[in-house]
Amino acid sequence: ILSERAVAERARQEREKEKEKFLAELVEGDVRRGRVTSLANFGAFVDIGGVDGLIHLSELAWTHVAHPRDVLNVGDDIDVYILNVDRDQQRVALSLKRLEPEPWSQVFDFYHIDQIVDAVVTKLTNFGAFARIDDRIEGLIHISEITDKNITHPREILSEGEAIKVRIIHIDPERRRMGLSMKDVEAQEDWADYQEEPPDLEADAHNSDETEGEA
């Protein structure tokens with residue numbers, strides 16, 4: 001029994017040494033390959049080579065994530081960004097979203113005022129609804145921009161997860177805010193179609209002449 005305990009203790013010490021060595025080699029800003037080992041309400045744990053690091057919920061994506069399972073599954077092999085290494089506490093903070101460009105830095109490359117885009121409702125509040133565009137940017141539809149009808153809460157019109165069309169009415173990259181509107185989207189789409197396909201005036205004139213001739 002004593003020898004088994006000694007062997008177990010020696011193995012534990014070896015693992016600790018290997019862990020310390022691994023942590024000493026980690027550099028903030030590095031990208032490592034890892035495997036998701038477990039999910040919690042606050043984030044996801046990833047084994048990056050004998051050490052479990054944590055991707056906090058806020059570091060999973062640039063858009064709002066309600067739970068890590070919305071992005072990851074246990075067993076997924078992923079690349080992670082080394083955000084912070086605490087060698088004293090033997091903790092590693094990881095990030096998934098920092099492997100992608102910060103969307104607000106490129107917002108005008110993809111979007112412009114009055115553009116109509118597809119979106120998915122992510123959250124309802126008393127003052128409006130948040131909607132995600134292209135899994136890249138999240139904007140706010142103020143309650144006054146949802147409908148012309150008088151409503152007291154967005155849930156009267158919308159539900160979370162619903163796919164909708166919205167018009168971009170405001171972009172503020174410095175404050176990371178985008179204003180969206182659902183009102184008059186269909187009317188604006190019809191006007192855009194009219195501009196792209198102008199009426200055939202010659203055909204209309206010809207039909208008018210034929211009508212006059214018949215009269």
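**The pockets and their surroundings**

Author: The second largest pocket holds about 190 Å³ of space. Keep in mind that this is a predicted model. Which residues line the second largest pocket? They are Trp62, Thr63, His64, Glu102, Pro103, Trp104, Phe130, Arg136, Ile137, Glu138 and Arg176. By type, this lining divides into five nonpolar, two polar and four charged residues.

Now turn to the largest pocket. Its volume is about 530 Å³. The lining consists of 22 residues. Closest to the centre are Ala61, Trp62, Thr63, Arg132 and Asp135. Eleven residues of this lining are nonpolar, four are polar and seven are charged. Trp62 and Thr63 belong to both linings.

How does one find such spaces? Rolling a probe the size of a water molecule over the atoms shows where empty space is left.

Are its two members buried or exposed? Phenylalanine 110 has 37% relative accessibility, so it counts as partly exposed. Tyrosine 111 has a relative accessible area of 3%, so it counts as buried. Phenylalanine 127 and phenylalanine 130 form another pair, this one edge-to-face. Phenylalanine 127 is partly exposed, at 41% relative accessible area. Phenylalanine 130 is partly exposed as well, at 23%. The cut-off for buried is under 20%, so phenylalanine 130 does not count as buried.

Tyrosine 111 also takes us inside. The largest nonpolar core has 23 residues. Tyr111 is among those with the most contacts inside it, along with Ile141, Leu158, Ile164, Val166, Met178 and Leu180. Which strands each supply at least two residues of this core? They are E6 (116-125), E7 (128-133), E8 (137-142), E9 (163-172) and E10 (177-181).

Take leucine 180 as a close-up. Setting aside residues up to four places away in sequence, leucine 180 touches Ala131, Ile133, Gly139, Leu140, Ile141, His142, Glu145, Val166, Arg167, Ile168 and Ile169. Another core lies apart from the largest one. This other core has 20 residues, including Phe22, Val36, Val65 and Leu94.

Next comes a loop. Glycine 161 sits between E8 and E9. Its relative accessible area is 53%, so glycine 161 counts as exposed. Beyond its neighbours within four places in sequence, glycine 161 is in contact with Val120 and Val121. Threonine 122 is 39 residues away from glycine 161 along the chain, yet their C-alpha atoms are separated by 5.9 Å.

Finally, step back to the whole chain. It has four helices and ten strands. From the N terminus on, the order is α-β-β-β-β-β-α-β-β-β-β-β-α-α. The chain has 215 residues, and 32% of them count as buried. Consider contacts between residues at least 6 apart in sequence. Of these, 59% join residues at least 24 apart.

How values were computed
Residues numbered from 1 in each chain as written. Predicted model: local features only at pLDDT ≥ 70, side-chain atom pairs only at ≥ 80, totals over all residues. Heavy atoms only, no water. Core = buried A, V, L, I, M, F, W, Y, C linked by side-chain atoms within 4.5 Å. Buried < 20%, exposed > 50% of the residue type's maximum accessible area, 1.4 Å probe, protein only. Contact = heavy atoms within 4.5 Å. 1 Å grid on protein atoms, 1.4 Å probe; cavity = no way out; pocket = protein on both sides within 12 Å on 5 of 7 lines; lining within 4 Å. Points joined across faces, edges and corners; volume = space filled by probe spheres on them. Nonpolar A, V, L, I, M, F, W, Y, C, P; charged D, E, K, R; others polar. Phe/Tyr/Trp six-rings, centres within 6.5 Å; stacked < 30°, edge-to-face > 60°.
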